[in-house]
Amino acid sequence: MNVIIIEDEKPSARRLQRMLKSLDVETETLLHSVEESIAWFQDNQHPDLIFLDIQLSDGLSFEIFETIEIKSAIIFTTAYDEYALQAFKLNSIDYLLKPIDEDELKTAIHQYKGTAQQQKSVTLDFNDIKKLLVNPIEREYKKRFSVKVGQHLKLINIEDIECIYSENKGTYAHTNEGRNYLLDMTLDQLEDELEPHVFYRISRKFYVNINAIKDIISYTNSRLQIKLNHFNEQEVIVARERVKDFKNWLE
């Protein structure tokens, strides 16, 4: 099986290469940009399977298809759920959310091998895709909250927030100054508003800021307890079903 990886983050590409090798899948070719990939496809026989990152350093990987008719099966890799959903709609074999999980990779390879004989050339309407995709480099996440303090409105910068939590049907932001402010949004409504590399929802009740984590301690029932720099009003616990993803997020 001839496989290549197109991924702009070289450490991620090498990690995926090692993971594939452990599954007896050799990948000798690693490409890192739209421009490099187009040049490679023009001069080389197309592989059986491509692991394709959606966001590359010089643009969306879909731009490759504007120039080259790709005749390979594709497994999209992405750190963004909306991208993964789009990849699914485009009839890709599978998609993998980064950081890639070994079991999910194994499942994707198994699925590819089971359907390889039925694969057809990839056909994409790039203009339609372009309308649907939100470029993560340009995407704006929430930078501040305005909260009511008595008769005044106070602005709280997002980097000053250690955690956001729910309590008694209210949603509160706890700041580096050790104060709590009532927000007019629920935790669910904040899901698309917070920078995912900075804030992680560790449970139904808590979002934590990675820059505010002071210590992480093993806790009962395979959970983790987080110690934040200033917040000590209640225990901050990573739910058991989120521990694995939380560890990946830390990296």
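Q: So two strands count as paired if DSSP finds at least two bridges between them. Which residue in E11 is the bridge partner of Ile-161?
A: The partner of Ile-161 in E11 is Thr-175. This is a predicted model, so read the answers as computed from it.

Q: How many bridges join E10 to E11?
A: There are six bridges between strand E10 (residues 161–167) and strand E11 (residues 170–175). The two strands run antiparallel.

Q: What order do the strands of that open sheet come in?
A: The order is E12-E11-E10-E14-E13, five strands with antiparallel pairing. Strand E12 (180–183) and E13 are the edge strands, each pairing on one side only. Ignoring direction, neighbouring strands of the sheet are turned by 20° against each other on average.

Q: Other strands now. How many residues lie between E8 and E9 in their hairpin?
A: Two residues lie between E8 and E9. Gly-150, in the turn, has a positive phi of about 65°. Strand E8 (residues 144–149) and strand E9 (residues 152–157) pair in the antiparallel sense over six bridges. Within that pairing, Phe-145 has Ile-156 of E9 as its bridge partner.

Q: New topic, rings. How many aromatic pairs does a search of the whole structure find?
A: The search finds ten. One of them is Tyr-200 with Phe-246, a tilted pair at 5.8 Å centre to centre, with 55° between the planes.

Q: What does that pair tie together?
A: Tyr-200 is in strand E13 (residues 199–201) and Phe-246 is in helix H7 (residues 243–250), so the pair ties together parts that are 46 residues apart in sequence.

Q: Are Tyr-200 and Phe-246 buried or exposed?
A: Both Tyr-200 and Phe-246 are buried.

Q: Which residues form one aromatic cluster?
A: Tyr-165, Tyr-172, Phe-206 and Phe-231 form it.

Q: And the largest nonpolar core, which residues touch the most other members?
A: That core has 19 residues, and Ile-6, Phe-41, Ile-50, Leu-52, Ile-64 and Ile-70 touch the most other members. At least two residues of the core come from each of strand E1 (3–6), helix H2 (34–43), strand E3 (49–53), helix H3 (64–67) and strand E6 (73–78).

Q: Where does the largest share come from?
A: From H2, which supplies four residues of this core.

Q: What is Leu-52 in contact with, leaving aside neighbours within four places in sequence?
A: Leu-52 is in contact with Ile-6, Ser-61, Ile-64, Phe-65, Ile-74, Ile-75, Phe-76 and Thr-77.

Key. Residues are numbered from 1 along each chain as its sequence is written. This is a predicted model: local features need pLDDT of at least 70, side-chain atom pairs count only at pLDDT 80 or more; totals for chains, interfaces and linings use all residues. Side-chain values use heavy atoms; hydrogens and water are left out. Rings of Phe, Tyr and Trp (its six-membered ring) pair if their centres lie within 6.5 Å; planes under 30 degrees apart count as stacked, over 60 as edge-to-face and the rest as tilted. Buried means under 20% relative accessible area, exposed over 50%, partly exposed in between (1.4 Å probe, protein chains only). A nonpolar core is a set of buried Ala, Val, Leu, Ile, Met, Phe, Trp, Tyr and Cys residues joined through side-chain atoms within 4.5 Å. Contact means heavy atoms within 4.5 Å. Axes are lines fitted to C-alpha atoms, for helices over the stretch in contact, and angles run from 0 to 180 degrees between N-to-C directions.
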